[in-house]
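Please open the model in a viewer and keep the sequence panel at hand. The stops below are arranged so that each selection leads on to the next.

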Amino acid sequence: MEGGEVILDVRDLRVWFPLRKSIVELVTFKPRRYVRAVDGVSFTVRRGEVFCLVGESGCGKTTTGKAILRLVEATGGSILFKPKREVLRELEASGVEVSDGYVDLLKVPRRKFKPLRRELQIIYQDPYGSLNPRFTIKRILEDPLIVHKIGDRREREEMVAKMLEAVKLTPASDFMERYPHQLSGGQRQRVAIARAFILNPSLVVADEPVSMLDVSIRAEILELLLDFRNKLGTSFIFITHDLAVARYICDRIAVMYLGKIVEMGDARRIIERPIHPYTKALVAAVPEPDPENRKRFRELRIKGEVPSAAAIPPGCRFHPRCVEFEEDYDRLKAKCPVEEPPLKRPLEAEEGRRVACWRYITW
Amino acid sequence: MPEEVLVVENLKTYYFTLKGVVKAVDGVSFKLRRGEVLGIAGESGSGKSTIAWSILGLVPPPGRIVSGRILVDGIEVTALSDAELRRKVRWKKVSMIFQGAMNALTPVYTVGRQIEEVLRIHAGMSGREARRRVYELLESVGLHKSIADRYPHELSGGQKQRVVIAMALALEPDIVIADEPTTALDVVVQAQILNLLKRLQREKGLSIILITHDLGVIAELADTVAVMYAGKIVEYGSSEDIYRNPKHPYTKALLRAIPRLRGPVDKLIYIPGQPPDLRNPPSGCRFHPRCPEAFERCRLREPPLFNLGNGHLSACWLNEGEAS
Ligand SMILES: Nc1ncnc2c1ncn2[C@@H]1O[C@H](COP(=O)(O)OP(=O)(O)O)[C@@H](O)[C@H]1O
Ligand SMILES: Nc1ncnc2c1ncn2[C@@H]1O[C@H](COP(=O)(O)OP(=O)(O)O)[C@@H](O)[C@H]1O
Ligand code: SF4
Ligand code: SF4
Ligand SMILES: [Mg+2]
Ligand SMILES: [Mg+2]
């Protein structure tokens, strides 16, 4: 799928959430402080590509996904997106600025965004919370069609039935009149997938779609997503904290740490040979079903836990947890705690690899 | 002191719901030796938590133990009243890290106070004594003692889980049951917590029952593994047997479903369908509707647990010939 055209081009995306000021801050006129959830992120996604955002909780993965769908307001940057031709025409007709087939999602006025909702969809982690419990499955799936005025009653019903079959909730008639609580977690996630795909979007953000499911059924859901990709050429932003899952489904990976991408490149090559110390720690932490593991402690070359995005460390934001900084302290002390490393291709790395670490890039 | 700190014999625990009887645990037997780590694996709804609640006498209504025996350190806990269980068994002999406990810490009290509470109520410690013990406990789980004065919302997920572990260790039990202790945590924190449990197990000679749907996590700790399906143990054996030489088609499928960091990636393997409704489980072998190797007899007759030697048990007709 690597040859596909770029359909999403995110540049220097920032999403900062203002923190409430304390009394002291108010009376001393201290500047407002922010949770820098996404703090200058750039990447591209090609048509039919599965692009992964990987990292621990609190690193800004969900916020990145939501900013693309305009579910949270971005603070800065641009998000160029190439919609399908008919959607593009509709946008142009309503006066949205189009350049070379792309629109900047952040510049589209809210009231003109509706045609883009068809193109951009999200699947949430929690199959329990993301479906309206008072709606039947049929209603849940029909709703987006009604909102976008697609088909008449009979056609819509047919589309819903087709979609249920596509996500293997069969026979469809058995599921139409049921409510979400009557389904298992895996079945609910299939409904969420059906809802995301019923409008045939060009880009789907899948936010940890399997992390709340039993290991035994995860692969089936992943396979379903890949089926859609193969049949419809849908592009994915797939969010996960599990590199083993990423390895099965992703073409490329971006590893996020505290609002920044610290390593990016071909999924399998990153997992085989991670370069950034944070990526190495993520790889080392994945449990493997090997009975020898119980006889030794797992070596974790990382300290502590992710700090709050309201207090991002200076310099390389990973440095308080970085073991390699300590090991190479004399060479790195003027850099790591002081200056943010740029995302660059290390000398000995393959084409397409980018790493933000003073230890591995030239300076 | 008996070598076996826990014996579960033919345990049946059912939920008597309005819609029928849920046979959540349906004839389960196992033993736990001193210092042993037993992993209980199986999908959601297979009865793992219900086993744990049965051991502590905490099965929620409308559930109850309908038959079988549970012996903790030789005491038949299934014959004790709730008051006796509280006095003699819970916290002191067996404690439990409940699924989701880290998010169930009381938000209005400091975590130090919450651990103190356990010590005062269950060990009758004075305030001073309890405070000192709180500091010891926090340090033993790798937390600074200043954490005692913090509220749960001020702590990270990993710190909260450490607090919950400290609480479980408060009265120095012989057995700790950890129910999905890392399921809500990120991989790095999960690995840190598993390392901690491993260290505590070695230092204190604890016996641990580790419950999780993830066989990858169980391999980090367990000496012995019981695989559950639909209320029954379908395979039981040493870690080596279960991971290197699995015999039951369900165990094999569970192992193949684990996404791996190494090895081939061309095919994703999963178990089709879903676990049965335990009000009305399938006839014969309960796994037959999902089993890739099922044959005629599987639908008709339930396989017993065949003994394959060295304590390796498997409840599959295909193993009948190897049984000793
Ligand atoms: N609506 C919000 N208001 C304030 N802070 C937020 C909001 N949403 C997310 N955050 C913060 O932004 C950071 C990134 O969160 P998130 O994008 O959810 O990370 P991830 O998905 O990687 O776990 C976290 O520190 C989180 O607490
Ligand atoms: N309080 C309850 N009332 C009725 N049924 C219950 C209750 N708790 C659990 N069950 C049922 O018992 C079975 C086993 O549940 P549980 O022991 O929680 O399994 P696991 O821990 O393996 O997910 C499931 O079918 C579940 O629906
Ligand atoms: S830049 Fe320095 S602190 Fe940051 S990851 Fe690299 S070595 Fe570690
Ligand atoms: S007894 Fe039959 S259905 Fe059951 S696990 Fe064995 S082969 Fe499969
Ligand atoms: Mg998230
Ligand atoms: Mg459970």
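Begin by selecting chain B, which has ten helices and twelve strands; helices (H or I, at least four residues) and strands (E, at least two) are DSSP runs, numbered from the N terminus. The radius of gyration of chain B is 20 Å, close to the 20 Å that the globule rule gives for 324 residues, so chain B is as compact as a globular protein of that length. Here the radius is taken over C-alpha atoms, and the rule is 2.2 Å times the number of residues to the power 0.38. Along the principal axes, the C-alpha atoms of chain B fill a box of roughly 65 × 50 × 40 Å. Of its 324 residues, 56% count as buried; buried means under 20% relative accessible area, exposed over 50%, and partly exposed in between, with a 1.4 Å probe and protein chains only.

The model is predicted: local features need pLDDT of at least 70 and side-chain atom pairs count only at pLDDT 80 or more, while totals for chains, interfaces and linings use all residues. Residues are numbered from 1 along each chain as its sequence is written, chains are lettered from A and ligands numbered from 1 in the order in which they are written, and side-chain values use heavy atoms, with hydrogens and water left out.

**Backbone stops in chain B**

Select P61(B) and P62(B), which are joined by a cis peptide bond with omega of about 5 degrees. P62(B) is placed in the loop between α1 (48-56) and β4 (63-72).

Is A230(B) buried or exposed? With a relative accessible area of 4%, A230(B) is buried.

Then select N310(B), in the loop between β11 (306-307) and β12 (313-314). N310(B) is not a glycine, yet has a positive phi of about 55 degrees. N310(B) counts as exposed because its relative accessibility is 81%.

L305(B) lies in the loop between α10 (296-300) and β11. At 38% relative accessibility, L305(B) counts as partly exposed.

**Ligand shells**

Turn to ligand 3, whose surrounding residues include H276(A), C316(A), H319(A), C322(A), C336(A), C357(A) and R359(A). By class, the shell around ligand 3 divides into nine nonpolar, two polar and one charged.

**Closing stops in chain A**

Select T170(A) and P171(A), joined by a cis peptide bond with omega of about -10 degrees. P171(A) is found in the loop between α6 (153-166) and α7 (172-176) of chain A.

Finally, select V27(A), found in helix α1 (residues 23-27) of chain A. V27(A) counts as exposed, at 58% relative accessibility.

Notes: A residue is near a molecule or strand if one of its heavy atoms lies within 4 Å of it. Ala, Val, Leu, Ile, Met, Phe, Trp, Tyr, Cys and Pro count as nonpolar, Asp, Glu, Lys and Arg as charged, and the others, Gly among them, as polar.
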